[in-house]
Amino acid sequence: MKIFIKFDFTAICNKLLEEKLNELEIKYKVLGFGEIEFTEKVSQEKLDALNDALNEYGSEIVENQKSILVQKIKDTIIDMVFNDDTNINVKSSVYLAEKLDHSYGYLSNLFSEVTFTSIENFIILQKIEYTKQLITNNELTLTEIAFKLNYSSVAHLSTQFKNTTGITPSAFQRIITKRRELSNENK
Amino acid sequence: MQEEDVFIILADDDEDDRLFFEEAFDELKINTKVATFNDGVELMDYLNKENSLLPNILFLDLNMPKKSGKQCLQEIKKEARFKDIAIAIYSTSASEEDIENTFVMGANVYIKKPNDFKQLKKVLSNVVTINWQYHTSGLNKDNFLLRL
Amino acid sequence: MLRTIVKSERVLKITFGISLFIILCMGGFAYKHVRKLVDSFNLVEHTYEVNVQLEQILSYLKDSETGQRGYLISENTEFLQPFFSGRENTNNTFARLKQLTKNDTVQQNNLKKLNTLIDKKLKALDQILTLTNENKLNSKQFNALLIEDKKIMNEIRSKVSEMINHQNELLKERKKLSTESLSNTPIIIYSVLILMLLLLLLTYFRINKNLKILKFKNGQLEVFKESTNQSEIVNKHSTWTYFTEENRYEFSDNLYRLLGEQPQSFEPNLENFYQFVHPEDVNHVTEQVTKMMETENLPFLYYRIVQKNGTIRHFKAYAKVLVSSEDNTRRVLGTTADVTEEVQSFKLLEERNLELERNNKELSSFNYVASHDLQEPLRKIQTFISRLEDKEAASLSEKGILYLDRIKKAATRMRLLIDDLLQFSRTNKSEEAFAVTNMNIMLENAKQELAEMISEKDAKITADAIPMITVIPFQIQQLFTNLIGNSIKYSKKNTPPIITISYSKVKADDVLKLKKPKYNYYHKIVFTDNGIGFEQEYAENIFVLFNRLHNKNEYSGTGIGLSICKKIVENHQGYIFAEGKINEGAIFEVFLPLK
């Protein structure tokens with residue numbers, strides 16, 4: 001006897017996904033085909049286990065891996081800029097490649113693909129963000145900030161600040177100060 | 001990338017500018033939804049409705065009849081419900097006074113309307129991208145100042 | 001001149017004092033001499049009396065002797081009468097002599113001796129008488145006694161004559177002394193008189209001279225008074241005095257004239273004066289004058305008066321207390337001036353100033369509004385052009401594309417003009433605050449603004465360190481941007497621009513081209529380039545608005561950039577100069593005041 005089965009791939013896949021997710025006790029929401037959203041935080045082990053389970057069926061977690069890596073890149077950069085003073089002197093490409101165990105070319109391409117900006121731009125953005133934070137804290141002078149963030153000169157930092165934000169560091173500081181005064185007045 | 005559409009509002013009394021603005025976003029192919037209002041009063045009426053969908057980014061022309069961009073900015077900044085809206089001033093003027101004043105009043109972005117369509121597209125995409133960065137990378141929104 | 005009078009007054013006082021002293025001395029001197037004269041008279045009299053008394057003693061002794069002899073011969077007791085009275089008289093006279101010569105020890109001694117002799121004589125006489133009564137007249141003893149008696153008598157005589165001689169000697173000596181001193185007296189008195197005369201003469205001349213000076217001064221004062229009167233009339237000025245203690249006023253003639261009245265035609269008091277003061281100003285003036293009478297001070301007071309013919313004039317008054325150095329009387333000296341013309345011209349000036357200010361404001365706001373409002377349609381034109389270029393270029397003919405390109409270029413140029421005009425009108429605003437500014441950062445900012453141009457032309461810019469200067473920061477940045485931009489814009493084709501910025505501090509006096517410098521020192525910032533330069537004759541023209549040295553197709557200037565530079569530097573009370581050499585380069589010198 002020969003029969004024909006009309007597979008509902010979507011239903012099967014969804015059923016499979018549902019089983020595996022339930023096994024791992026992950027709470028989720030189905031957004032569309034092959035697209036789910038976790039409604040609570042999922043540990044890396046669980047994600048790895050899910051990936052392994054799916055591998056048996058020739059499937060794998062696609063976007064997630066990429067975005068996790070991107071997130072890792074971001075976290076590493078933020079950590080490097082904000083917390084790891086000692087490594088700021090090391091070239092960021094080398095630093096990232098070592099920390100994340102991938103070639104810089106791969107990381108760079110992946111990052112641009114997902115975020116529409118380059119790693120370099122992201123680093124600059126973070127550095128300028130850190131500069132803003134330091135400026136508003138009034139703890140360091142611009143010269144000290146430039147030194148701390150490994151800029152060759154204050155002028156270099158100023159230029160990058162101006163290029164990134166469109167305003168000069170001193171204008172930024174002035175605006176933030178005035179804003180605080182204004183909000184104090186309104187209170 | 002599965003992001004929800006970026007919801008963008010422009011309040012500008014100038015018809016041509018609204019046209020350029022909408023066309024620019026059309027061509028940008030970012031997932032955006034654009035709404036426009038003809039003046040400040042219309043805009044505030046919409047925002048103040050309880051169940052209105054609030055924009056991610058609000059573009060404000062400074063020089064509008066009935067209610068100026070600065071007045072809108074002031075009203076928006078008073079309302080806690082609007083605290084997550086990024087505000088971009090979108091003006092012909094680039095006087096330092098206007099720029100500094102609106103920044104102090106709480107604007108995040110100041111755009112001098114470009115005189116080239118390509119430039120306009122670049123500027124708008126820049127604003128959306130940076131805003132997205134602030135949104136996703138946990139940056140301090142208080143420090144979000146951008147002049148283009 | 002006044003000082004010489006004061007000085008000669010002192011000399012006169014001294015001369016008078018000396019004269020008085022000399023007269024006093026002379027009086028004393030004369031008195032002393034007269035006393036001396038009287039003394040010598042007394043002395044002569046005294047000597048005479050002493051001599052008379054001495055002679056008398058002799059005579060009394062002789063009387064006694066004679067009486068006794070008479071008795072001896074006649075044995076008549078009547079003769080004894082003189083004998084006894086002579087004895088008594090001798091004793092009396094002797095006492096008198098003793099009294100007269102009590103100050104003369106020599107004569108006292110002589111008197112003592114004389115006394116002994118007289119006693120002896122009287123004793124002898126007594127013995128003789130005793131013997132006579134015993135009738136022993138012829139006895140040897142009697143004879144011896146007589147001889148003895150005669151001997152004593154002789155001794156007395158010689159003693160008396162010795163004493164008389166001594167007295168005469170004494171008189172002679174004293175006479176000599178007094179004659180000596182008295183003979184000098186006339187000469188001394190005479191010379192003193194001469195001296196007095198000289199002093200009097202001197203004083204006379206002095207007084208005469210002072211009188212002449214005073215007369216001259218009085219003349220001058222008269223002239224001065226007259227010229228003051230004249231100048232009061234010409235300058236519409238007047239003076240008045242308020243005598244604090246007496247509560248009395250004095251008005252100068254011209255004050256009456258300023259009020260439109262005849263000089264001194266009414267009693268100078270406040271009541272009369274207030275009748276002229278403008279009704280609206282009376283309260284204010286009364287208040288101030290009352291205050292003045294208390295404080296003896298009147299700060300500048302402005303008010304109006306109305307003359308009897310109805311003319312309104314503006315007055316300005318001022319007064320100050322004057323305390324006389326002589327008698328400490330207090331007077332308030334005031335001046336009152338008619339300032340109607342000044343007030344009117346000031347009002348006119350003020351009006352014109354306001355008008356000018358208004359015009360200026362209008363002009364700059366017109367400029368601002370024009371350039372600002374022109375921007376909007378232009379921006380749209382440009383955006384539409386870019387839309388056409390992007391979307392519709394394919395459907396345009398070749399000519400159409402060319403026209404579109406031309407439109408685009410014209411619009412770009414218009415944009416440039418409007419931007420520069422806007423900038424020019426913004427530099428007008430002077431309310432921008434000055435601040436101590438790091439000029440090096442301004443320069444860095446300027447370079448950032450021009451970054452694209454700099455890298456495109458591969459320009460090299462070197463600069464000295466410039467100290468902090470008090471400036472309007474954004475204007476200075478504009479100045480630097482314009483100057484550097486200018487140098488890059490007018491660089492030689494195919495030669496990368498090299499711009500050198502040097503700094504020095506200069507003394508205003510050392511730089512002759514600084515006209516009427518207000519400050520002693522200036523910061524001098526020099527921009528030197530290796531561009532196409534210009535002919536020196538245009539060195540001043542290039543700062544004039546819309547003035548261009550080059551065809552706009554060659555170089556894309558608007559002719560506003562350097563005008564902005566000049567305006568900025570002038571806003572800072574500085575100077576800017578240009579120096580150029582065709583094909584070698586240009587030098588721009590900026591002088592900013594060192595405050």
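User: Before we start, how are things numbered here, and what counts in a predicted model?
Analyst: Residues are numbered from 1 along each chain as its sequence is written, while chains are lettered from A and ligands numbered from 1 in the order in which they are written. Because the model is predicted, local features need pLDDT of at least 70 and side-chain atom pairs count only at pLDDT 80 or more, whereas totals for chains, interfaces and linings use all residues.

User: What makes up chain A?
Analyst: Chain A has nine helices and two strands; helices (H or I, at least four residues) and strands (E, at least two) are DSSP runs, numbered from the N terminus. Along the sequence they come in the order α-β-β-α-α-α-α-α-α-α-α.

User: What makes up the contact between chains A and B?
Analyst: Chain A gives 18 residues and chain B gives 16 residues, where two residues are in contact if their C-beta atoms, placed from the backbone, lie within 7 Å. On the chain A side, helix 6 (119-137) and helix 9 (169-186) each supply at least two residues. That side of chain A divides into seven nonpolar, five polar and six charged residues. Here Ala, Val, Leu, Ile, Met, Phe, Trp, Tyr, Cys and Pro count as nonpolar, Asp, Glu, Lys and Arg as charged, and the others, Gly among them, as polar.

User: Which part of chain C gives the most to its contact with chain B?
Analyst: Twelve residues of chain C meet ten residues of chain B, and helix 8 (residues 340-392) of chain C gives the most to the chain C side, with ten residues. By class, that side has one nonpolar, five polar and six charged residues.

User: How do you know that the span of helix 5 of chain B agrees with its number of residues?
Analyst: The expected span is 1.5 Å times one less than the number of residues. For the 20 residues of helix 5 (residues 117-136) of chain B that is 28 Å, and the end C-alpha atoms are 28 Å apart, so the two agree. Among the buried residues of this helix are Phe117(B), Leu120(B) and Val123(B).

User: Why is helix 13 of chain C called largely enclosed?
Analyst: Nine of its eleven residues are buried, so helix 13 of chain C is largely enclosed by the rest of the structure. Gly561(C), Ile564(C) and Lys567(C) are among the buried ones. Their cover includes helix 9 (398-427), helix 12, strand 11 (575-581) and strand 12 (585-593) of chain C.

User: How are helix 12 and helix 13 of chain C packed?
Analyst: Helix 12 (residues 473-489) and helix 13 (residues 561-571) of chain C pack at about 145°, with axes 9 Å apart. Axes are lines fitted to C-alpha atoms, for helices over the stretch in contact, and angles run from 0 to 180 degrees between N-to-C directions. The contact includes Leu479(C) and Leu483(C) of helix 12 and Leu562(C) and Ile568(C) of helix 13. By class it has seven nonpolar, seven polar and no charged residues.

How values were computed
Buried ≥ 20, exposed ≤ 12 C-beta atoms within 10 Å, placed from the backbone.
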